[in-house]
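Reader: I am new to this structure. Please show me how to read its features, one at a time.

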Amino acid sequence: MPLTFPMALTWLRILMIPLVLALFFLPESWMSIHSRDVLACGAFIVAAITDWFDGWLARRWNQTSAFGAFLDPVADKLMVSAALLVLVDLGRVGFVIAFIIIGREIAISALREWMAQMGASSSVAVNWLGKFKTAAQMLAIPCLLYWENYEGIPVGIIGQVLIIIAAILTVWSMCYYLKKAWPEIARKS
């Protein structure tokens with residue numbers, strides 16, 4: 001499998017996970033909390049942009065692959081999960097919200113794999129609800145990583161509102177996917 005530019009962007013996103021995590025283990029004597037939060041926010045934004053950009057480029061340049069289709073959502077889920085765990089540790093996200101989001105990702109990934117084995121993967125294909133959920137997460141997490149007010153804008157509060165919206169959309173989209181898959185599950189059980 002050749003290493004294409006879109007695939008390199010996906011790998012870059014995976015490699016950024018330890019970078020973001022490492023920022024939160026540096027002693028305060030090395031870097032101020034504000035600098036750490038700014039860098040973590042920036043790294044997450046770069047990762048979120050590569051998430052959109054790698055898929056778009058792969059389709060545009062006709063460089064899609066089965067491995068890329070597998071690795072892209074894995075990179076996504078790892079980055080979001082790592083960021084949420086850091087945010088729980090910092091007290092900026094409640095563990096229940098983090099559990100809902102991470103748990104849904106695991107459950108829907110397993111459901112998609114199961115449906116693919118049954119030959120019914122189209123019943124749980126990504127839809128607009130999942131895209132809105134992802135957008136809310138990708139906007140909330142940088143706000144929560146940055147946390148401080150910016151030019152009078154309450155970035156942390158905006159992030160908290162968006163992560164609650166993301167959690168609601170997470171549950172809603174999980175119910176949607178389960179409802180779509182249920183006829184196949186009932187038929188094959």
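**Reading the model**

Author: Glu105 and Lys133 are both buried. Buried means under 20% relative accessible area, exposed means over 50%, and partly exposed lies in between, with a 1.4 Å probe and protein chains only. This is a predicted model, where local features need pLDDT of at least 70, side-chain atom pairs count only at pLDDT 80 or more, and totals for chains, interfaces and linings use all residues. Residues are numbered from 1 along each chain as its sequence is written, and side-chain values use heavy atoms, with hydrogens and water left out.

Reader: What joins the side chains of Glu105 and Lys133?

Author: Side chains of opposite charge can pair when their charged atoms come close. Here the two side chains of Glu105 and Lys133 meet in a salt bridge, 2.6 Å from N to O. A salt bridge is a side-chain nitrogen of Lys or Arg within 4 Å of a carboxyl oxygen of Asp or Glu. This pair links distant parts of the chain: Glu105 sits in helix α4 and Lys133 in helix α5, 28 residues apart. Helices are DSSP runs of H or I with at least four residues, strands are runs of E with at least two, and both are numbered from the N terminus.

Reader: How many salt bridges does a search of the whole structure find?

Author: The search finds 9.

Reader: How do I read a nonpolar core, and which residues touch the most other members of the largest one?

Author: A nonpolar core is a set of buried Ala, Val, Leu, Ile, Met, Phe, Trp, Tyr and Cys residues joined through side-chain atoms within 4.5 Å. The largest one here has 37 residues, and Phe44, Leu84, Ile141, Leu145 and Ile163 touch the most other members. The elements giving two or more residues to this core are α1 (5–23), α2 (33–60), α3 (66–90), α4 (95–117), α5 (128–146) and α6 (155–188). The largest share, 9 residues, comes from α5.

Take Leu145 as a case. Contact means heavy atoms within 4.5 Å. Leaving out residues up to four places away in sequence, Leu145 touches Phe24, Asp37, Ala40, Cys41, Phe44, Leu87 and Arg92. Another core lies apart from the largest one; it has 9 residues, among them Met115, Met118, Val124 and Ala181.

Reader: Where does Met118 lie, and which residues does Met118 touch?

Author: Met118 lies in the loop between α4 and α5. Met118 is buried because its relative accessible area is 15%. Its contacts are Glu184, Ile185 and Lys188, not counting residues up to four places away in sequence. The C-alpha atoms of Met118 and Ile185 are separated by 8.8 Å, though the two residues are 67 apart along the chain.

Reader: How do I check the span of helix α5?

Author: The expected span of a helix is 1.5 Å times one less than its number of residues. The 19 residues of α5 should therefore span 27 Å, and its end C-alpha atoms are 28 Å apart, which agrees.

Reader: Which residues make the nonpolar surface patch?

Author: Patches are made of residues with over 30% relative accessible area and no salt bridge; like charges are joined within 9 Å, and nonpolar side chains (Val, Leu, Ile, Met, Phe, Trp, Tyr) within 5 Å. Phe5, Ile45, Ile49, Trp52, Phe53, Trp56 and Trp61 make a nonpolar patch of about 720 Å². Accessible areas come from the Shrake-Rupley method with a 1.4 Å probe; for residues, only the protein chains shown count as cover. Helix α2 gives the most to this patch, with 5 residues.
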